[in-house]
Amino acid sequence: MPTATTIVRRAAVRADRVADTVTLDRAARDAVAGSLVGEGGLAFDVALTKAAALEDGDALRLDDGRLVAVQAAAEDLLEVRAENPARLLRLAWQLGGSHVDAEIGADVLYVPATPAAAELVRGQGCVATPVSRAFRPEHAAHDHSTCGHDHGHDHHAHHDHGHDQHGHDHAHDHGHSHEHSHEHHREHGHQKHGHDHGHDHGHVHGPGCGHDH
């Protein structure tokens with residue numbers, strides 16, 4: 001049985017390489033695994049080398065080079081509208097705070113048809129209409145699975161380097177300055193002491209003082 005190991009994003013999917021299509025709801029697209037059967041009967045296993053959520057229009061690449069297109073399944077949702085954008089914006093903020101997935105349109109929100117979501121909608125005075133359609137919710141702010149590069153790694157590596165460098169420079173400069181001040185004080189103090197002592201000693205015990213020293 002062929003195995004799907006990588007994801008091909010929608011923009012890079014070649015229609016002539018697509019061998020079959022699978023229809024998945026949002027939960028299945030977020031954690032695709034196990035064995036699947038395409039609408040055309042193609043059975044395959046999923047063993048992605050790097051876990052990531054699938055989007056409507058993406059494809060799974062099989063180890064033999066063929067592609068299996070991914071289609072978003074219709075789900076029971078609430079289509080939410082409001083009399084003004086501010087109400088809709090406040091609702092979107094509350095949905096995010098309650099960890100409720102939402103798909104955001106120009107003047108509409110789509111949310112799961114659950115009692116919790118319906119209660120939030122009513123609380124903001126918005127109007128909800130039951131619909132059945134594909135659900136394409138927004139990604140969380142920390143989700144970099146569709147960035148195309150390992151942004152999180154690069155960002156933290158850069159930050160850590162800057163922090164370490166700053167710490168190193170600060171410690172070096174501080175230690176150098178401290179040592180310099182210490183040496184400067186010691187040398188000047190020593191010279192002053194030696195100069196005064198030598199001058200007094202020579203004056204009191206010089207050759208013309210009458211002492212046999």
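**Strands, sheets and cores**

User: Which residue stands opposite A59 in β6?

Analyst: A59 has A69 opposite it in β6. The model is a predicted one, in which local features need pLDDT of at least 70 and side-chain atom pairs count only at pLDDT 80 or more, whereas totals for chains, interfaces and linings use all residues. Residues are numbered from 1 along each chain as its sequence is written, and side-chain values use heavy atoms, with hydrogens and water left out.

User: Why are β5 (residues 59-62) and strand β1 (residues 3-8) called a pair?

Analyst: Two strands pair if DSSP finds at least two bridges between them. β1 and β5 share four bridges, so they pair, and the sense is antiparallel. One of the contributing positions is T6, whose bridge partner in β5 is R61.

User: How many bridges join β5 to strand β6 (residues 67-72)?

Analyst: Three bridges join β5 to β6, and these strands run antiparallel. Their hairpin has four residues between the strands, and G65 takes a positive phi near 95° there.

User: Why are β2 (18-24) and β3 (34-37) called edge strands?

Analyst: Six strands form an open sheet with mixed pairing, in the order β2-β6-β5-β1-β4-β3. β2 and β3 each pair on one side only, and they are its edge strands. From one strand to the next the twist averages 40°, where axes are lines fitted to C-alpha atoms, for helices over the stretch in contact, and angles run from 0 to 180 degrees between N-to-C directions. At the β3 side, four bridges join β3 to strand β4 (residues 43-46) in the antiparallel sense, with A43 as the bridge partner of V37.

User: In what order do the four strands of the antiparallel open sheet stand?

Analyst: The order is β8-β9-β7-β10. Strand β7 (residues 74-81) and β10 pair over eight bridges, and R81 has V127 as its partner in β10. Helix α2 (residues 85-97) lies across β7 and β9 (109-112), at about 30° to β9.

User: What makes a group of residues a nonpolar core?

Analyst: The group must consist of buried Ala, Val, Leu, Ile, Met, Phe, Trp, Tyr and Cys residues joined through side-chain atoms within 4.5 Å. Buried means under 20% relative accessible area, exposed over 50%, and partly exposed in between (1.4 Å probe, protein chains only). The largest such core has 14 residues, and V80, L91, L95, L109 and V111 have the most contacts inside it. β7, α2, β9 and α3 (115-123) each supply at least two of its residues, and α3 gives the most, with four. A second, separate core has 13 residues, including A4, L24, L36 and L62.

User: Which residues are in contact with L109, leaving aside its neighbours within four places in sequence?

Analyst: Contact means heavy atoms within 4.5 Å. By that rule the partners of L109 are L78, E79, V80, L88, L91, A92, L95, E103 and I104.
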